[in-house]
Amino acid sequence: MNQSNLSLPSGCILRKATSADKWSIRLLVFWAKLDPTQLNWQQFWVIECDAYGGQSLRNLVACGQLRNFSGAQELGSLVVVSAWRGRGLATLLIQHLINTATQPLYLECLGERLAQFYSRFGFVPISFEDLPQFPNRSGKSSLKGKFRFSQLAKRLLKVPVVFMEYRGNS
């Protein structure tokens, strides 16, 4: 992906979330039926667009976060409002989060279709055993610990969870 080819639709901005976005983020994640735990607005980036053709009313139409763990980060809680899909907002937000990440980057997604989507950005499927298990000296939880419930659901309930690691584009 070449970030220079990406641009927001007219009237939209990408920005760091503020405390005023807290409930809008929660609603977007809830509506998308994503993991509602560990929603920390300080870790989110949002895309905000004019609601009515250039008027001052603005709405959050997309969000995503970089969750911080001991020695790793997770790209998570990525949501684009259905009326705004197909305009490249997810692509722009994912590329921005990849470029903002400061540690090895991972994600979990449901199903092969989403895994193929994320593979376009340089993510590759990995096994649960290959997830990092960093010592927890910093007080932060481990990524593997967070993904443990998903692994259990995958094994016992056959939930199609795919764990992925960012390795860049070749």
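This is a predicted model: local features need pLDDT of at least 70, side-chain atom pairs count only at pLDDT 80 or more; totals for chains, interfaces and linings use all residues.
By class, 22 nonpolar, six polar and nine charged residues make up the lining of the largest pocket. The pocket itself holds about 1100 Å³ of space. Its lining comes to 37 residues, and the ones nearest the centre are Leu 34, Leu 78, Cys 109, Leu 110 and Leu 114. As for secondary structure, the elements that give two or more residues to that lining are strand 4 (72-80), helix 2 (89-100), strand 5 (105-110), helix 3 (112-119) and helix 4 (143-157).

Next, the cysteines. How many disulfides does the structure hold? One. Cys 12 and Cys 49 form the disulfide, with their sulfur atoms 2.0 Å apart. Cys 12 sits in strand 1 (residues 12-16) and Cys 49 in strand 2 (residues 44-50), so the link ties together parts that are 37 residues apart in sequence. The angle about the S-S bond is 110°, and the link of Cys 12 and Cys 49 is right-handed. Are Cys 12 and Cys 49 buried or exposed? Both are buried.

Two further cysteines deserve a word. Cys 63 has 0% relative accessibility and therefore counts as buried. Cys 109, from the pocket lining, counts as buried because its relative accessibility is 6%, and the cut-off for buried is under 20%.

In soluble globular proteins, nonpolar side chains tend to be buried together. Here the largest nonpolar core has 27 residues, and Ile 47, Leu 75, Tyr 118, Phe 123 and Met 164 have the most contacts inside it. Strand 2, strand 3 (58-69), strand 4, helix 2, strand 5, helix 3 and strand 7 (161-166) each supply at least two of its residues. Which element gives the largest share? Helix 2, with seven residues.

Take Met 164 as an example from that core. Leaving aside residues up to four places away in sequence, Met 164 touches, among others, Leu 105, Tyr 106, Leu 107 and Cys 109, then Ala 115, Tyr 118 and Phe 123.

Last, Val 29, which lies in helix 1 (residues 22-31). Val 29 counts as buried because its relative accessibility is 0%. Which residues does Val 29 touch, not counting those up to four places away in sequence? They are Leu 34, Asp 35, Pro 36, Leu 39, Ser 77 and Val 79. Val 29 and Gly 64 are 35 residues apart in sequence, and their C-alpha atoms are 9.3 Å apart in space.

Terms used:
Residues are numbered from 1 along each chain as its sequence is written. Side-chain values use heavy atoms; hydrogens and water are left out. A disulfide is a pair of cysteine sulfur atoms within 2.5 Å. Helices (H or I, at least four residues) and strands (E, at least two) are DSSP runs, numbered from the N terminus. Buried means under 20% relative accessible area, exposed over 50%, partly exposed in between (1.4 Å probe, protein chains only). On a 1 Å grid over the protein atoms alone, a cavity is a set of points where a 1.4 Å probe fits but cannot get out, and a pocket is an open set with protein on both sides within 12 Å along at least five of seven lines; lining residues have an atom within 4 Å of a point. Grid points are joined across faces, edges and corners, and a volume is the space filled by probe spheres set on the points. Ala, Val, Leu, Ile, Met, Phe, Trp, Tyr, Cys and Pro count as nonpolar, Asp, Glu, Lys and Arg as charged, and the others, Gly among them, as polar. Contact means heavy atoms within 4.5 Å. A nonpolar core is a set of buried Ala, Val, Leu, Ile, Met, Phe, Trp, Tyr and Cys residues joined through side-chain atoms within 4.5 Å.
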